[in-house]
Amino acid sequence: MKSNFNQSREGMRSEVRSKRRRTNMILNGLIALVLLLIVIVSVSIFSNDDETETQKDQAIEEKRNDSPAEKTTKEVKQETSKQSKSTQSDSKTKDKDTKKDKKQESDTEVITEGGGDNVQRMIVNPAWEPVGTTQSGPNSSESVDWDERVKALASAIGADESTMTVWYLSRDGGPDKSIGTVTEKGNPQAYRVYLEWQDEGGWKPVKVEELIENDKVQQ
């Protein structure tokens with residue numbers, strides 16, 4: 001009788017231990033499942049966060065690229081270089097225009113009313129140039145020298161030698177200076193022209209006087 005009771009009690013203990021093991025296994029399984037779910041959710045959350053940050057960074061970068069106000073350092077340097085070159089070019093153009101204006105001013109004839117007895121106007125034109133020469137000096141050959149002085153008289157009044165009448169042509173104050181009085185055919189206006197000799201250049205007009213009347217007609 002005692003032996004059966006012990007056996008029965010031992011069987012109950014064994015059954016209890018078996019139930020406890022099953023319960024522990026179930027609990028451990030549930031715990032593992034919960035931990036697994038936690039890991040999965042955490043990974044998903046972090047992945048979404050990373051993806052969101054990446055998308056934000058891409059959106060910001062695209063906005064920067066699309067915005068005309070955002071420029072790279074290289075672009076800024078290129079634009080600065082272009083502006084600098086443009087400024088230099090504008091400055092050179094202005095300097096060139098200034099020089100051109102000054103040259104035009106220096107080449108503009110100066111007309112003065114009056115200027116002496118029988119003179120109604122006096123003209124000085126810095127654009128006048130020597131007419132050229134085949135002589136080594138003034139008056140080295142009288143006929144050549146005369147022809148070159150007539151050429152200078154014609155250039156001073158803008159006339160052709162063949163349509164010009166020379167009323168007077170003489171030295172004035174030395175061998176390198178000369179004065180001539182001329183008119184154009186068909187035009188009563190008389191001019192007194194002052195010439196100076198330029199070495200290797202020939203005779204050059206330096207002043208023209210428009211006369212009130214031709215004072216050399218009777219001579």
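Helices (H or I, at least four residues) and strands (E, at least two) are DSSP runs, numbered from the N terminus. This is a predicted model, in which local features need pLDDT of at least 70, side-chain atom pairs count only at pLDDT 80 or more, and totals for chains, interfaces and linings use all residues. Residues are numbered from 1 along each chain as its sequence is written, and side-chain values use heavy atoms, without hydrogens or water.

**View A. Isoleucine 26 in helix H1.** Helix H1 spans residues 2-66 and holds isoleucine 26. This residue is exposed, at 54% relative accessible area (buried is under 20%, exposed over 50%, partly exposed in between; 1.4 Å probe, protein chains only).

**View B. The open sheet.** Six strands line up as S1-S2-S6-S5-S4-S3, with antiparallel pairing (two strands pair if DSSP finds at least two bridges between them). S1 (110-113) and S3 (164-171) are the edge strands; each has a single partner strand, so one side of each lacks a neighbour in the sheet. From one strand to the next, the twist averages 25°.

**View C. Strand S4 and its partners.** S3 and S4 run antiparallel, joined by seven bridges. Tyrosine 168 has threonine 181 in S4 as its bridge partner. Threonine 181 also stands opposite arginine 192 in S5. S4 (residues 177-184) and S5 (residues 190-198) pair in the antiparallel sense over seven bridges.

**View D. The hairpin of S3 and S4.** Five residues lie between the two strands. Glycine 173 takes a positive phi near 80° in this hairpin.

Methods:
Axes are lines fitted to C-alpha atoms, for helices over the stretch in contact, and angles run from 0 to 180 degrees between N-to-C directions.
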